[in-house]
Amino acid sequence: MPLLCLSFFILIVSTINFFGGNTRNRDRAKRDAFWAKESEANATECKDLSSLPYITLDDALFTITVSEPELVSLKDQLLSLKDKKIVNFTGYTNTDLKLTYGAANIGALTQFDQNFTDLCAYVRDFGKALLDAGQVEDAQTVLEYGIRIGSDITENYVILAYLYLEKHQTYRIDSLIESASQLNSLSKDTIILKLTKIVHP
């Protein structure tokens, strides 16, 4: 009986070591692949950035009339990005960006992406505040702009979907789902699920 127990123990330890070794080897391979890619990215020469898909603010955003201090502040915040370079790099890592556009451009590219993140947040905040203030059409204009630029903020989609629902325009939620399906973002599935539940509660 002790011999059987010892054999069983040795089998368990051997199995653990086998699978543990495989895991370590896979982790090492991933790590090596990452650093090889990073090394290549750091050696990539600069590329011209003039042809990037820069995002501009729609003229309709400038014509929205607001008077309440909070709304004025939110509009100013949004329009403060009008002269900044904005690019949607959602889903891209810094390594990806360096490989594509050159290592020396990473500072500028990171700022372009941060401007996009800020823009999406400002659009969401301004759209919500307009809706709360009863400026429904203006809120719709702002939130729909967020969809067009590829915002991946779930609230932007959900608020707009409920707005369509209240207007008895449920068919327009399908277009929101289609837009969400094109996102290169981890929030894509969550957005689609929430929109689907709104249409089919």
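Modeller: Let's start with a word we'll need: a residue is called buried when under 20% of its relative accessible area is left, with a 1.4 Å probe. Keep in mind that this is a predicted model. By that cut-off, 36% of the 201 residues in the protein chain are buried.

As for the fold, you're looking at nine helices and zero strands, so the run from the N terminus is simply α-α-α-α-α-α-α-α-α. Take the contacts in the chain with a separation of 6 or more: 69% of them join residues 24 or more positions apart.

Now for the part you asked about. The largest nonpolar core has 24 residues, and L119, F126, L130 and Y145 are the ones that touch the most other members. Two or more residues each come from α3 (69–79), α5 (106–132) and α6 (136–148). Of these, α5 gives the largest share, with eight residues. In general, nonpolar side chains in soluble globular proteins tend to be buried together.

Have a closer look at Y145. Leaving out residues up to four places away in sequence, Y145 touches L119 and V123, and also I55, T56, L57, D58 and L61. Apart from this core there is another one, made of 17 residues, including Y157, L163, L195 and I198.

Key:
Residues are numbered from 1 along each chain as its sequence is written. This is a predicted model: local features need pLDDT of at least 70, side-chain atom pairs count only at pLDDT 80 or more; totals for chains, interfaces and linings use all residues. Side-chain values use heavy atoms; hydrogens and water are left out. Helices (H or I, at least four residues) and strands (E, at least two) are DSSP runs, numbered from the N terminus. Buried means under 20% relative accessible area, exposed over 50%, partly exposed in between (1.4 Å probe, protein chains only). Contact means heavy atoms within 4.5 Å. A nonpolar core is a set of buried Ala, Val, Leu, Ile, Met, Phe, Trp, Tyr and Cys residues joined through side-chain atoms within 4.5 Å.
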